Amino acid sequence: MSASIPRSTIASPAEPADLKPRSSSAGRGWRQRARHTLPTLGVVAALAGVAAWGHSTGWKLPKFSALIGETEQAVTPWCEDHNVPEASCIECKPDLWSAAADHGWCKVHGIANCPLEHADLAQSSSPVKPTDAMRERAARALATKPRAENNSRCGSHKRRIQFESPEVIDQLGIEVAVVQEAPLVEAISTNGEVVYDQSRVAHLSSRVAGTAWQVEKQVGDRVAAGELLALVEAADVGRAKSELLRAISESRLKHATINRLRPLADQQIIPVGKFREAEAELQQSEINLQAAEQVLANYGLPVDVPGFGDADTAEIRRRIQFLGLPDDAVDRISASVTTSNLFPVRSPIAGTVVEREVVAGEVIDTTTQLFTVADDSQMWLILHVRQEDAQYVRPGQSVLFQTTVSAGELKGQVRWVSTETDEQTRTVEVRAEIPNADRNLRSNTFGVGRIVLRDEATAIVVPDDAVHWDGCCHVVFVRDKDYFEPNAPKFFHVRKVRLGVKEAGTTEIIAGLLPGEVIATRNSVVLEAQLLKANLGAGCCEACAPKKEK
């Protein structure tokens, strides 16, 4: 039987035997919490007392601006739609500004309130009066090719983009520029190749078969028209000269016979038939002589038979031995050459020998190409124009050509436009002529050609970032002419414009601006954003949108 253990020595689970009573530690924790809580309660009570006192006396807590020494500014009513004070908003209060008359749509130039037709619209300190030259320039631009159009129902030109002050415009980084005139060229650009003018190229061969006896010129030699290139020894030429001598002798004999028989026939000493027979033989000899002359003429060696006069056969043979040869060549070879078979190959044009395919001693025939002579004082430029651009190309238009190696542009003229489209490239071939007096332009040179559609000495050109699209029209923001007047509203007019050529970061303005006006350029997208914001919901292009079906 186990011994009994006193209950006082057994630890209870809820109260460990090795712990001291908790009454003393709990008292100390309450006192610590009280020390931390009492200051906070005091502050809350003080604020509650101040609030109760302020409510009973009408006192208010001063604003932060008063505490740091600033005075409170009066609140200015603001026009949220146009971002200017309500008191100076010319859109909400049109009476603050006297607007110019609305002249409506210009059917000639395709814009609303056209300055070319209405000078009172100009926004410049010294207004430029539109001239006939300006209107003619616009007419040429519109007639050259189709231009981007504006919507006649759009009313954004009636809007004004206003700012509170010039300082605000400067802070937004909006820059301006004065509209000026500058030269302009509208052209169709395409790749091109320079080749020899084929009407000035001679591919030369011998008119008779034979052997190349002597070659006078090399590739690169300059030759004059008629200058000797080579000598060909041809037996047919010798035979033709002999036949001519025989025909001349026979003709002279028959003429002598007729002269002897005519008096006898007149006196009826000889039968008439014999005289008629002599006349027939004379006619036949003259035919033979003409045929012999024609053979040599076909070889390019014409003979002046009447010029021989009464020269004997030996003299005639000497004269025709070197028929067709230049005098200087005759002087060189006459002492050592006895043959009459030499045939000259001469250049029909002045130019440069660009090809030579013959050497001395080579046997040749009439199909053998011996030389190519080209007159490179004028060249052809072959351009390949896209089908959609070919409709604007006409013979007589100017062409500017920039090679890959030259610094400046060469000027030529369109001479021919093909009537067919290339099956492979779907382009139209255009041929132009380019003068090459200094011979610096070489055949087979590639480059870029520009077919000039319009060359204006003066045109209105503005930076690309000055032009914007408002949804149905192109617009430019024009600064009001009274911008710097004291107490005048600071705003820009929304001006419709007709666009022309775009090139190298600039845009031509066909109509819509006048020289001297000031436009917004860099960061003018701020004005565009304000315009588009005002157009949301019931904007200028509401009429442009398609109507919804009910």
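How many bridges join S8 to S15, and in which sense do the two strands run? Five bridges join S8 to S15, and the pair runs antiparallel. The model is predicted: local features need pLDDT of at least 70, side-chain atom pairs count only at pLDDT 80 or more, and totals for chains, interfaces and linings use all residues. Residues are numbered from 1 along each chain as its sequence is written, and side-chain values use heavy atoms, with hydrogens and water left out.

The protein chain contains 10 helices and 26 strands, taken as DSSP runs numbered from the N terminus (helices, H or I, at least four residues; strands, E, at least two). Of its 550 residues, 39% are buried (under 20% relative accessible area, 1.4 Å probe, protein chains only). Among contacts (heavy atoms within 4.5 Å) with a separation of 6 or more, 72% are between residues 24 or more positions apart.

S8 and S15 belong to an open sheet of four strands, ordered S8-S15-S13-S10, with antiparallel pairing. Strand S8 (201-205) and S10 lie at the edges with a single partner strand each, so one side of each has no neighbour in the sheet. Two strands count as paired if DSSP finds at least two bridges between them. Strands of a sheet pair through backbone hydrogen bonds, either parallel or antiparallel.

Strand S13 (residues 351-356) in turn pairs with strand S10 (residues 222-223) over two bridges in the antiparallel sense; here Arg222 stands opposite Thr352 in S13.

Definitions and conventions. Buried means under 20% relative accessible area, exposed over 50%, partly exposed in between (1.4 Å probe, protein chains only).
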